[in-house]
Amino acid sequence: MAEVERLVTRNFEVPDAFRLSVYEQRGGYRAARKAALSMQPAEIVAEVKAANLRGRGGAGFPAGVKWGFLPAGKEPRYLVVNADEGEPGTFKDRALIERDPHQLIEGCIIASFALGVHHCYIYLRGELERAYRVLQAAIGEARAKGYLGARPFARGHELEITVHRGAGAYICGEETALLESLEGKRGEPRLKPPFPATVGAFGASTIVNNVETICALPHIVERGGAWFAGLGVEGDGGTRVFCLSGQVQRPGLYELPVGTPLRALIFEHGGGPREGRSVKGVIPGGSSTPVLGAEQLDAPLSCDGIRAAGSMIGSGAVIVMDDTACMVRAAWRLARFYHHESYGQCTPCREGTGWLERVLGRIEDGLGRETDLELLDSIASNMLGTTICPLGDAAAMPVQGFLRRFRGEFEAHVLQGKCPFGARFELPPGWKA
Amino acid sequence: MAFELTGERKQRMAALVGRYPNKAAACLPVLHLCQEQQGVVDAEVVAFVAEALGVPAGRVEEVASFYTMYRRKPVGRYHLEVCTNLSCSLAGAEHLREVLGRELGIQPGQTTRDGLFTLTEVECLASCGTAPVMLVNGELHERLTPDGVRALLSELRTRAGG
């Protein structure tokens, strides 16, 4: 296995890295100081553009380009960090905050200088209580040291950071729902346009970036956008934190260069499936992304690479299923999640998610009808592109993916009148039923 | 008596409100604060928050009813929230939920008769690398096993009895 330099997770094994003193011993806040003392906002933006940093939250939009959408001269403007981590399979933001909170704060400082922001909100998922405590303590330390407040790093650019706790709603990961929630309302997505860069939080121009995207900034400022870009592939720079879970020997977080083959992540880093098992299906980018089959493991982990394989890299959440796993059950489990999280603003999603869960459930229970496969596809087709926010798409795409890739398993359920794999997923080694 | 935030929490509310351009924006954090004190977000809490933030009660109620973390009914002394989303299910969470139900004699959504445990099935808790996981009063427990869960339950029972 080639030795890979880690950036945003480089402090993960360092004891007490959440303390400001330890973070600084590791070179922390050098980039913010450099940005404060010797860089114009336009220079910072230029480095981020040169870095080919694609958003790490799911959509993969180039961060530097997004920043360029902020209209000139409009004040105030806000930076909102999306830490509402909730896409099933994703668990990187929690770790980035709990283990290295100052890296996120430093990224916020750099972005705020670049964007002319004086108040940054970090929208943190409500359930992440420990992350909340760690982050609040770190912000307190940074403020006491003068890195936040009236003159961070002696630059006359006042800056405050507020952590806003969510309260349990997957939809708030969608940026306009998140903004509604930040304003103290129900998290119901807004129609776009206007986009947040024009009308965002509290009616002001706003940039919303994912935690990992912001965490990359200190490294880009310190070592240059071109260097960062060179770590990845064309148009998709740097390293990414991949969240590996499911039926592999060593699940966990792996920071690897963008473009690393999916196979290397699962086998070299994750140890592959358990003894005697083989990989059957892999969800490459979180629950909303279509499943891939074993024949697609050579796809490179980049936005374009996974798209070419027929799916999306999303939030970098890779869920592995081995040959004992029932694909109908997996599809049903995700459909159930989306039914629970659909909040009912648009009819195709409110109704469609319920239908998907019920039809998949009856197929899994052995009560499926021959027409159910067409029915599933038709429900999903009627949801795609017909809703205000992407939740409808997120629910429909995985169902279509499972149907496309594993149609035979669905047919076997209907023909045999039962699940060929049994009533639940295989128990882990050593567990007794 | 009508609900009111007391002592240090009252000051924390004032500080929270000051973090936003308008008072109404502090609705979520203030509801969290009230629930911390009261254990639930009931009609009295809603009325208090509406008054404190200068918004209609209906506006607070629609927020309180939208988000799953605001408890509208009291829960037991220990609130067990077990994730059964895909990564946890692939790691045995479906079986764990059955074990929990059997040991406690309740279904998800119910509270034991002695008021000690409430069991809730929840969606992804963003800890899939250490699946299966469960929250116990907000604290994350990772890499659960059936034996580990049984030991945890008896520890919690002992703690409650002692």
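Reply: In chain B, the axes of helix H3 (residues 43–53) and helix H4 (residues 57–64) come within 8 Å and cross at roughly 125°. Axes here are lines fitted to C-alpha atoms, for helices over the stretch in contact, and angles run from 0 to 180 degrees between N-to-C directions. H3(B) and H4(B) are therefore oblique to each other; angles under 35 degrees count as roughly parallel, over 145 as roughly antiparallel, 65 to 115 as roughly perpendicular and the rest as oblique. The crossing of H3(B) and H4(B) is right-handed, a term used if the near helix is turned clockwise from the far one by less than a right angle, with left-handed for anticlockwise. On the H3(B) side, the contact is made by Val46(B), Ala47(B), Val49(B) and Ala50(B). H4(B) contributes Ala57(B), Arg59(B), Val60(B), Glu61(B) and Ala64(B). Two residues are in contact if their C-beta atoms, placed from the backbone, lie within 7 Å. By class, this contact of H3(B) with H4(B) has 7 nonpolar, no polar and 2 charged residues. Ala, Val, Leu, Ile, Met, Phe, Trp, Tyr, Cys and Pro count as nonpolar, Asp, Glu, Lys and Arg as charged, and the others, Gly among them, as polar.

The model is predicted: local features need pLDDT of at least 70, side-chain atom pairs count only at pLDDT 80 or more, and totals for chains, interfaces and linings use all residues. Residues are numbered from 1 along each chain as its sequence is written, while chains are lettered from A and ligands numbered from 1 in the order in which they are written.

Chain B as a whole holds 7 helices and 4 strands, in the order α-α-α-α-β-α-α-β-β-β-α from the N terminus. Helices (H or I, at least four residues) and strands (E, at least two) are DSSP runs, numbered from the N terminus. The C-alpha trace of chain B spans about 50 × 35 × 25 Å along its principal axes. Of the 162 residues in chain B, 39% are buried, that is, 20 or more other C-beta atoms lie within 10 Å of the residue's own, these atoms being placed from the backbone.

Chain B also touches chain A, in a contact that takes 37 residues from chain B and 52 residues from chain A. H13(A) gives the most to the chain A side, with 6 residues. That side of chain A has 23 nonpolar, 17 polar and 12 charged residues.

Key. Buried ≥ 20, exposed ≤ 12 C-beta atoms within 10 Å, placed from the backbone.
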